[in-house]
Amino acid sequence: MEDTTLQENSSTEDLQSNSEVYKVDSETIQQKHPASIVQLSEAIHANNVGRSSILKSTKRHLKQIISEYEALDLEMPSIRKFQNPPPPRPLTLCMECPPEKDYTHLDLYWALEKVIPGSFDDGWIQSLQFENMNVICGSSGRKNRWLITVTNFKTRNFLLTTGLEVGGSSNENYGLRRYDDVVMEDYKLHLRRALARKKILDTLSQSVDANFLQDECPL
């Protein structure tokens, strides 16, 4: 029993001695290096303030980009997507018409024959193609397109000037545009949407990285 008591007293004295040594060492360090401790404290504070400022700036930037993205959605809710830039088709014309107009290839054939008699037989018209834009874009209410490909620039320029009257007894006048101009407008909208999406993803990635560093390295 006496041995056990002596061991416990000895352990208690050792702990007190170690505690006193630690206090002395801490005081000695503070006395010898007061400037270093102050500089470290100021550096830590400045670092925390800097990170907080970066996070606030990132959040503001993200809100701005999201607003631009939403504005683009309102401007054109269903945008045609492209895997690659559209190839040039200089001899192709485009006629846009409301989706409720159920024109057929025969309607376009007779409309072209009115403007250029014998245009198909004489080889002035190469092809007619219907583009259902609502199917392509997954939307509703968008104008559909008829693509008219001719065989020479003279015929193309003539049709750009005259336009077409389509619809049998209830003819309606439609202007024609160069298909390259029309599809390039679609492509530019696609690029704007893709750029806005990339900005959002990049900003989110930076925000996540900043939060991770703040959580993992809280100085």
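Reader: Which residues do ring pairs link into a cluster?

Author: Rings of Phe, Tyr and Trp (its six-membered ring) pair if their centres lie within 6.5 Å; planes under 30 degrees apart count as stacked, over 60 as edge-to-face and the rest as tilted. Here Tyr109, Trp110 and Phe120 form a cluster through such pairs. This is a predicted model, so local features need pLDDT of at least 70 and side-chain atom pairs count only at pLDDT 80 or more, while totals for chains, interfaces and linings use all residues. Residues are numbered from 1 along each chain as its sequence is written, and side-chain values use heavy atoms, with hydrogens and water left out.

Reader: How many aromatic pairs does the structure hold?

Author: It holds 5. A pair of aromatic rings is described by the distance of the centres and the angle of the planes. Take phenylalanine 82 and tyrosine 187: they sit edge-to-face, 5.3 Å centre to centre with 85° between the planes. Phenylalanine 82 is in the loop between H2 and S1, and tyrosine 187 is in helix H6, so this pair links distant parts of the chain, 105 residues apart. Helices (H or I, at least four residues) and strands (E, at least two) are DSSP runs, numbered from the N terminus.

Reader: Are phenylalanine 82 and tyrosine 187 buried or exposed?

Author: Both are buried. Buried means under 20% relative accessible area, exposed over 50%, and partly exposed in between (1.4 Å probe, protein chains only). Another pair, phenylalanine 130 with tryptophan 146, is tilted: 5.0 Å centre to centre, 50° between the planes. Phenylalanine 130 belongs to strand S2 and tryptophan 146 to strand S3, so their pair ties together parts 16 residues apart in sequence. Tryptophan 146 counts as buried because its relative accessibility is 2%, whereas phenylalanine 130, at 35%, counts as partly exposed.

Reader: You mentioned S3. Why is S3 largely enclosed by the rest of the structure?

Author: Because 7 of its 7 residues are buried. In a regular strand the side chains alternate between the two faces of the sheet. In S3, Asn144, Trp146, Ile148 and Val150 are on one side, with Arg145, Leu147 and Thr149 on the other, and all of them are buried.

Reader: Which strands pair with S3?

Author: Two strands pair if DSSP finds at least two bridges between them. S1 and S3 run antiparallel, joined by 6 bridges, and asparagine 144 in S3 is the bridge partner of cysteine 97. S2 also pairs with S3 in the antiparallel sense, over 6 bridges; there, serine 127 stands opposite threonine 149.

Reader: What about the nonpolar core: how many residues does the largest one have?

Author: A nonpolar core is a set of buried Ala, Val, Leu, Ile, Met, Phe, Trp, Tyr and Cys residues joined through side-chain atoms within 4.5 Å. The largest here has 18 residues, and Met95, Tyr103, Leu108, Ile148, Leu159, Leu164 and Val166 are those with the most contacts inside it. At least two residues of this core come from each of S1, helix H3 (105-115), S2, S3 and strand S4 (164-166). Apart from it lies another core, of 7 residues, among them Cys94, Val182, Val183 and Tyr187.

Reader: What does isoleucine 148 contact?

Author: Contact means heavy atoms within 4.5 Å. Leaving aside neighbours within four places in sequence, isoleucine 148 touches residues including Leu91, Leu93, Leu108, Leu112, Ile125 and Leu164.

Reader: And which residues are buried in H3?

Author: Leu108, Ala111, Leu112 and Glu113 are. An α-helix has 3.6 residues a turn, so residues three or four places apart point the same way. The cover over the buried residues of H3 includes S1, S2, S3, helix H5 (153-162) and S4.

Reader: Last topic: how many salt bridges are there?

Author: A salt bridge is a side-chain nitrogen of Lys or Arg within 4 Å of a carboxyl oxygen of Asp or Glu. The whole structure has 6. Aspartate 186 bridges to arginine 145, with the closest N and O atoms 2.8 Å apart. Aspartate 186 is in helix H6 (residues 179-216) and arginine 145 in strand S3 (residues 144-150), 41 residues apart. Both are buried, and Glu96, Arg145 and Asp186 are linked in a network of salt bridges.

Reader: Where do glutamate 185 and arginine 177 come in?

Author: Their side chains meet in a salt bridge too, at 2.8 Å, N to O. Glutamate 185 counts as partly exposed because its relative accessibility is 42%, and arginine 177 counts as partly exposed at 33%.
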